[in-house]
Amino acid sequence: MQGASLTTLCYIEKDDSYLMLHRVKKENDYNKDKWIGVGGHFEPDETPEECLLREVKEETGLTLTSWKFRGLITFLSDCWHAEYMCLYTADGFEGEITECDEGTLEWVEKKCLGDLKLWEGDKIFLRLLAEGHEFFSLKLRYEGDELVEAVLDGKNIL
């Protein structure tokens, strides 16, 4: 796990839409111009839930009141260190959405997610969420921006 990072990602749900972050504000952002959920890197000694709640609050201004751990995603790449991401969905929150310094926040209908500029691997786990998978382990390996391997619960799916 040398050099690996630990992160959270959350898709906040409301009215059959997800709150999506269009990454357009940060310099040197490997997610530049992509649409993703909200989340980020663990701080020292944080649990996944503590990271989730802090990152959602920092990026959106919202306080989550109901969430579910949906999957563990392992990202491998020839361009960056390994990343282990705890994937959540949330269907309860309080507060008002605030400005995000990483991009633009926008509610996007789930049926329109395919129209966005998404990572190929994100399309896979969004589909798994849509299909109602309770919990899954997904390995995604990239060469540059190209998804070259996808393994769901130990079975190759590409």
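**Close-up views of a predicted model**

Phe135 sits in the loop that links helix H2 (120-130) to strand S8 (136-143). Helices (H or I, at least four residues) and strands (E, at least two) are DSSP runs, numbered from the N terminus. This is a predicted model, in which local features need pLDDT of at least 70, side-chain atom pairs count only at pLDDT 80 or more, and totals for chains, interfaces and linings use all residues. Residues are numbered from 1 along each chain as its sequence is written, and side-chain values use heavy atoms, with hydrogens and water left out.

View 1. Phe135 has a relative accessible area of 46%, so the residue counts as partly exposed; buried means under 20%, exposed over 50%, and partly exposed in between.

**View 2. Leu76 belongs to strand S5 (residues 63-77).** Leu76 is partly exposed, at 25% relative accessible area. Leaving aside neighbours within four places in sequence, Leu76 is in contact (heavy atoms within 4.5 Å) with Ala82, Lys139, Leu140, Arg141 and Tyr142. Ala90 lies 14 residues from Leu76 in sequence, with 26 Å between their C-alpha atoms.

**View 3. Leu140 and Phe125 have the most contacts inside the largest nonpolar core.** This core has 41 residues. A nonpolar core is a set of buried Ala, Val, Leu, Ile, Met, Phe, Trp, Tyr and Cys residues joined through side-chain atoms within 4.5 Å. Beyond its neighbours within four places in sequence, Leu140 has contacts that include Ile73, Phe75, Leu76, Ile124, Phe125 and Leu147. In soluble globular proteins, nonpolar side chains tend to be buried together.

**View 4. Ser5 is found in strand S1 (residues 5-14).** Is Ser5 buried or exposed? Ser5 counts as buried because its relative accessibility is 19%. Leaving aside neighbours within four places in sequence, the contacts of Ser5 are His41, Ala82, Glu83 and Tyr84.

**View 5. Strand S2 (residues 17-22) is mostly covered, with 5 of its 6 residues buried.** Two strands pair if DSSP finds at least two bridges between them. S1 and S2 are antiparallel and share 2 bridges, and Lys14 stands opposite Ser17 in S2. Their hairpin has 2 residues between the strands, and Asp15 there takes a positive phi near 50°. S2 also runs antiparallel to strand S7 (residues 104-109), with 6 bridges; here Leu19 stands opposite Trp107. Another antiparallel pairing, of 2 bridges, joins S2 to strand S3 (residues 35-36), where His22 has Trp35 as its bridge partner.

**View 6. Strand S6 (residues 83-94) pairs with S1 in the parallel sense.** This pairing has 8 bridges, and Leu9 is partnered by Leu87 in S6. How many bridges are there between S5 and S6? These strands are joined by 11 bridges in the antiparallel sense, and Leu64 has Phe93 in S6 as its bridge partner. S5 and S6 form a hairpin with 5 residues between them.

How values were computed:
Buried means under 20% relative accessible area, exposed over 50%, partly exposed in between (1.4 Å probe, protein chains only).
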